Amino acid sequence: MPTPPDTSKTLKLERYNNYLRKIHSTKLITASSKLLFRATLLIALILILFFTINYPPLSDTPHHVPPHHRLHHHSLLSTSLFSAGGGAAWEKQVRLSSTPRRTNGFSVLVTGAAGFVGSHCSLALKKRGDGVLGLDNFNNYYDPSLKRARQNLLSKHQVFIVEGDLNDGPLLTKLFDVVPFTHVLHLAAQAGVRYAMQNPQSYISSNIAGFVNLLEVAKAANPQPSIVWASSSSVYGLNTENPFAERDRTDQPASLYAATKKAGEEIAHTYNHIYGLSLTGLRFFTVYGPWGRPDMAYFFFTKDILQGKSIDIYKTHDQKEVARDFTYIDDVVKGCLGALDTAEKSTGSGGKKKGAAQLRVYNLGNTSPVPVGRLVSILEGLLSTKAKKHVITMPRNGDVPFTHANVTLAFKDFGYKPTTDLSTGLRKFVKWYISYYGIQSKTRKGSQATGESG
């Protein structure tokens, strides 16, 4: 009888192979689990980083600040990644916008280019043949759509605005690497006297830290640019001399905004002294006009009068009328360009001073203070609407009772001479306002009745 085949070896081999397959499967599952865990963790970290950057904690903003007053600044990470790292096409736009068309034309970096004064100055510089590159963070201190509309206007005139923040050092460094700017017109700032009581940190971040960051990058540039920057008439604070002259005291600020602007003037002195930067500060006096800021009295008075709302008109504590040296935007633009044209070159190179450098400060005002009540009367005539006036005592919020500019020094050094009276300037503002907001009614008839023309 034949002997049955020995299958023990085959069975052992099969069991061994099964064992190996189980081990392999276990290792594969373990490895897959680890990979899945790591991928999930990475995605979670990316999402946390994204939301942290783009949606800052609510506790950073005081709860009593209205939603339209809560500032949103673009993150440094997103700015650097999507602006500074924009590649060849982005650099081409930056170079094209900042290249002058006229012989010996300037190459100017305008900060706050989508703002009121910044947009007007950018257009004026571009129209005369200078190269202009804008920088703006488009925060929502006031309606960002107005800033976007100014951006669109500048774009039509081949002015490119880089969307970024003054505190983004890598972005500023990148811009100075791409373009050898001859001048900087620094107009970016957190504005407004009263808002400083609600969000003081925004003033420190923009007006002090942002200014220092810009100066740090400018001092290290080769060549160093000449810098003209916006100070403010608010630095005169509690000064009682009249009219305000550059030699008057500015060590008694009445608001945090004023204090940050005064700090800016001292910081400018320091960077001029140590690094040879040419710096010119301009103290603006209540600038108004088309494309203006909605937080300014003339602007929201116009809005409220048209909507039939009551407007607050302040009296001083001794029952005197509050007065302002209202300065029309075209006059201020001429002053800014005059300051740029007479700015001497910086004397430093690569952060090292090689000689004494120019340091100046000027008033840019209209030299004719007007009571706020008179402003309202002019608007009533232009709008053909009677204002509902509510006269109240000025609160202690940092505002000063009057401003009056002495512009002798600016006239002497670069021929600054304001030519637009308040009635003429407001007529031009109202014409722009009813056109921009598409208002149709007796307003247009009122404008025509005052002899307004194109």
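Select Trp-90, Glu-91, Val-94 and Arg-95 in helix α3, which are in contact (heavy atoms within 4.5 Å) with Leu-171, Lys-174, Leu-175 and Val-178 in helix α6. The model is predicted: local features need pLDDT of at least 70 and side-chain atom pairs pLDDT 80 or more, while totals for chains, interfaces and linings use all residues. Residues are numbered from 1 along each chain as its sequence is written, and side-chain values use heavy atoms, without hydrogens and water. Helices (H or I, at least four residues) and strands (E, at least two) are DSSP runs, numbered from the N terminus.

Now display α3 (residues 87–98) and α6 (residues 169–178) whole; their axes come within 10 Å and cross at roughly 65°. Axes are lines fitted to C-alpha atoms, for helices over the stretch in contact, with angles from 0 to 180 degrees between N-to-C directions. The two helices, α3 and α6, are therefore roughly perpendicular, a class that covers 65 to 115 degrees.

Next, select the open sheet of seven strands, ordered β3-β2-β1-β4-β5-β6-β11 with parallel pairing; two strands pair if DSSP finds at least two bridges between them. At the edges stand β3 (160–163) and β11 (359–364), each with a single partner strand, so one side of each has no neighbour in the sheet. From one strand to the next, the twist averages 20°.

Within the sheet, select β4 (residues 183–186) and β5 (residues 226–230), which run parallel and are joined by four bridges. Here Val-184 is opposite Ile-227 of β5. Helix α8 (residues 256–275) lies across β5, β6 and β11, at about 170° to β5.

Move on to Phe-284, one of the residues with the most contacts inside the largest nonpolar core, which has 79 residues. Such a core is a set of buried Ala, Val, Leu, Ile, Met, Phe, Trp, Tyr and Cys residues joined through side-chain atoms within 4.5 Å. Buried means under 20% relative accessible area, exposed over 50%, and partly exposed in between (1.4 Å probe, protein chains only). Leaving aside neighbours within four places in sequence, the contacts of Phe-284 include Val-117, Leu-187, Val-332 and Leu-364.

Finally, select Phe-138, in the loop between β2 and α5 (144–156). Phi of Phe-138 is near 50°, a positive value in a residue other than glycine. At 5% relative accessibility, Phe-138 counts as buried.

How values were computed. Angles under 35 degrees count as roughly parallel, over 145 as roughly antiparallel, 65 to 115 as roughly perpendicular and the rest as oblique.
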